[in-house]
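Good morning, colleagues. Please bring up the sequence and the structure, and I shall take you through several of its features in turn.

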Amino acid sequence: MARMSVLTRDEAQNRAQLLDVHRYTIELDLTTGDETFDSRTLIRFSARTDADTFVELKPAELRSATLDGQPLDTGTLDGNRLPLRNLTAGEHELRVDASMRYSRTGEGMHRFTDPTDGETYVYTQLFLDDVQRVFAAFDQPDLKAVFELTVTAPEGWTVLANGITEHTGEGVWKAAPTPLISTYLVAVAAGPWHSVRTEHRGLPFGIHCRRSLAPYLDTDADELLDITRACFDRYHEKFEEPYPFDSYDQAFVPEFNAGAMENPGLVTFRDEFVYRSAVTDTERQTRAMVIAHEMAHMWFGDLVTLRWWDDIWLNESFAEYMGYQTLTEATRFTDTWTDFGVTRKPWGYDADQRPSTHPVAPKDVEDTASALLNFDGISYAKGASALRQLVTWLGEKDFLAGINTHFARHRFANAALADFIDSLASATERDVHAWADAWLRTTGVDTLTASVGSRPGQWTLALDRTGERPHRVTVGVYDRDLHDGRRLLLRERYETDVPQEAAPEPHTGTRPALVVPNDLDLTYAKIRLDDTSLETVLRGLSGIPDTLTRAVMWNTLRDMVRDGELAPADYLATAAAHLPEETDLALVQGVLAFASTHIAGRYLTPDRRPAALATLTELCRDLIRRTEDGDHPGLRLIAVRHRIDTAAHPDTIAAWLADGTVPGGPELDPELRWRILARLAVLGATDEAAIADELARDPSATGQEGAARCRAALPDEDAKARAWDAMFGSDDLSNYLFTATAQGFWQPEQADLVQPYVSRYFKAAVAVAARRGPAIAEAAGRWAFPAHAVDTETLKLGEKCLRKADPIPALRRKLVDQLDDLARALRVREA
């Protein structure tokens, strides 16, 4: 295999000083077969001085290359770099003719054939440095250019791109030239798409999916387009710079590695967002948030783009914050910050407490491989939390003024952290440079600890801080309802700064039952309550009136479990006591997920797992009984899903599958059928014949993944051997089928059966990651890791692998994180 070089920051800076890239003219031919496509590229650029440089591409075959009409030696291609030697100052034209490979891993030009109807689709995912899998390019974000694409596609296909496309005949599609954009933002999606088109504010809008998903897209088309229009209009109220592209298409594409990608004018989404089965309103809210997030990128990332990958927070943190805030302001989803608090923030907190933590805006991103590792809970959730705190401290008016200054100064160009802070500073008298140093250049999670003092008629609150960041927080003060002891009543909320500059002022009144620092979740910090408040929460959490406050409290209990300060069994008991009274779907889902995955799956020893599953099963039964009136379908769906996942005995869920329904509803849709069958496989209560029958019933791509998951979960030595070989012995599985197989393979109930594979995992993961690249490395590290094996031997095997096996960066990062989580689980068990 040819050696592939990653681009370093120094190389990118040197090339940016040398070159101005003007225009790419790209011709792609998608009619040349199932394995490769043709790519012809003309790059017009200029050099400022005489020098040598290089262009990147990863071809199946490099047929020819010419510079200013003179042929280049194709044999000089070194991995992914074609040298351009002896450049002279002035204008140049580079032409490259190559055959490129289609991908099955969601990188470059991904090719997918729908098992439902045999139709084929291709789409690009060029982030972070995969444009070179599709066409030759000077592949770095600060060499923006105009892109002009022509695509030849099979008859009956539609081609989508960053700009409006026109079919000129004989399968040839021409896209309108783009404004100046970065290489990683170029996008093409081609196939027999089902499309719903409309117009808004004079711009063409469209949503697109595979033909087999057409009925499901049509069902939700009004909702999707309404959200798109509402967010579009709200951004135009916030931002002075108008939407900078000629159209807005949203394509739901198969086997997509991320949630979505912000390609200008053609956002691509994973097509699980086209719902084939019943979903909760919180899941619809999540989809809406992703729509809002990606639209924010049209300004944050696409109009103004980072100069180098150390500033990915300028893209992701802003889009994350704007997505949640704008959805709250512009749509029916007005409680989005609760979902953020219970699902996204813990992602940030966890990442920030691992050895792999990094600042929101790091200074040391040396190359593209290192940059790819930073698309994590810190760049998204922590960064968005920091911005929410910034808005609290700065005020939204000054914040938006600074943003609009930033757009005006850097439109269709590139910017860095210093540029953004200067833009903010122009709108306020506050010291935003000091704020940025404290919040964006540091690592770790601060902890705010409450101490409540009292004497007759007065009480005081002192907030101690572990950490160095300044915080502006809202304190919530609650009393017990004298008429209903289960309820808590808000006495007052007030703002305060941490660290406190003077001794705490006394408050008039009796000592509160509950004092909540960070009551509205406006800062990023772990919270520790005073003893009385903690006792109130454990006994009365469901009586707190505000969902966002309840989210803060559930996160506090979660953090205490992870830090060994609250017994896992006490968390389970609290969940059992209070979830039956909970009304917020995001909270129910978040608490059940943590309880089943982390507490029952990792933090309790194997001998205590059955009792934990029994507690969760009974809790789900309570929720199912509570929702028999049909008034809470989302809550009932969550309870049914978790009742399936926690089943220790097959009888009940097997009866549901046989009857095709849960008594009292819901009827089993494909998602629930595969979910039950997967749990029956774990319990040894189904077989290959039943899996094959279900696959015949649902031969879709999702069905193929369900079957792979079920087959890998069978408690049978031959089944485990086949699954292992599919993942690690061959390279035939797509990214999604690899993940599904990995999800089925390791099961706590089958620890003895899979024990021999634990020691084989690390060598196998290193090898498959080296062969198949970052996307499969991510899947191998995340899903194929033996997370159930919480013991010192697994920890030692992993540490040895990191010392001696030299895994590629994407896998190394996942292994570091997994091993840290394993070590934490061991500490929790000891505590």
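Are Y321 and F399 buried or exposed? Both residues are buried. Please bear in mind throughout that this is a predicted model.

Let me stay with these two residues. A search of the whole structure returns 52 aromatic pairs. In the pair formed by Y321 and F399, the ring centres are 6.0 Å apart and the planes stand at 85 degrees, so the arrangement is edge-to-face. Y321 belongs to helix α4, residues 313-330, while F399 belongs to helix α8, residues 396-410, so this pair ties together parts that are 78 residues apart in sequence.

R111 lies over the face of Y102, 4.9 Å from the ring centre. In the case of W439, the charged end of R469 sits over the ring, at 5.4 Å from its centre.

I turn now to the cysteines. How many disulfides does a search of the whole structure find? The search finds 0. As for individual cysteines, C231 is buried, with a relative accessible area of 0%. C801 also counts as buried, at 6% relative accessibility.

Next, the sheet. There is an open sheet of 8 strands with mixed pairing, and the strand order is β5-β4-β7-β2-β1-β10-β13-β12. Which strands stand at its edges? They are β5, residues 70-71, and β12, residues 165-169; each has a single partner strand, so one side of each is left without a neighbour in the sheet.

Helix α1, residues 9-18, lies across β1 and β2, the latter spanning 36-47, and runs at about 100 degrees to β1.

I close with two individual positions. The first topic is N80, which is found in the loop between β5 and β6, the latter being residues 81-87. Why does N80 count as buried? Its relative accessible area is 2%, and the cut-off for buried is under 20%. Leaving aside residues up to four places away in sequence, N80 touches R3, M4, S5, V55, E56, L57, K58 and Q132. By contrast, A690 is 610 residues from N80 in sequence and 47 Å away in space, C-alpha to C-alpha.

The other position is P568, in helix α13, which spans residues 568-578. At 9% relative accessibility, P568 also counts as buried. With residues up to four places away in sequence again not counted, P568 touches V561, I599, Y603, L604 and V828. H649 lies 81 residues from P568 in sequence, and the two are 23 Å apart in space, C-alpha to C-alpha.

Thank you for your attention.

Conventions. Residues numbered from 1 in each chain as written. Predicted model: local features only at pLDDT ≥ 70, side-chain atom pairs only at ≥ 80, totals over all residues. Heavy atoms only, no water. Pairing = 2+ DSSP bridges. Helix = DSSP H or I, 4+ residues; strand = E, 2+ residues; numbered from the N terminus. Contact = heavy atoms within 4.5 Å. Axes fitted to C-alpha atoms, helices over the stretch in contact; angles between N-to-C directions. Phe/Tyr/Trp six-rings, centres within 6.5 Å; stacked < 30°, edge-to-face > 60°. Buried < 20%, exposed > 50% of the residue type's maximum accessible area, 1.4 Å probe, protein only. Lys NZ or Arg CZ within 6 Å of the ring centre and 35° of its normal. Disulfide = S-S within 2.5 Å.
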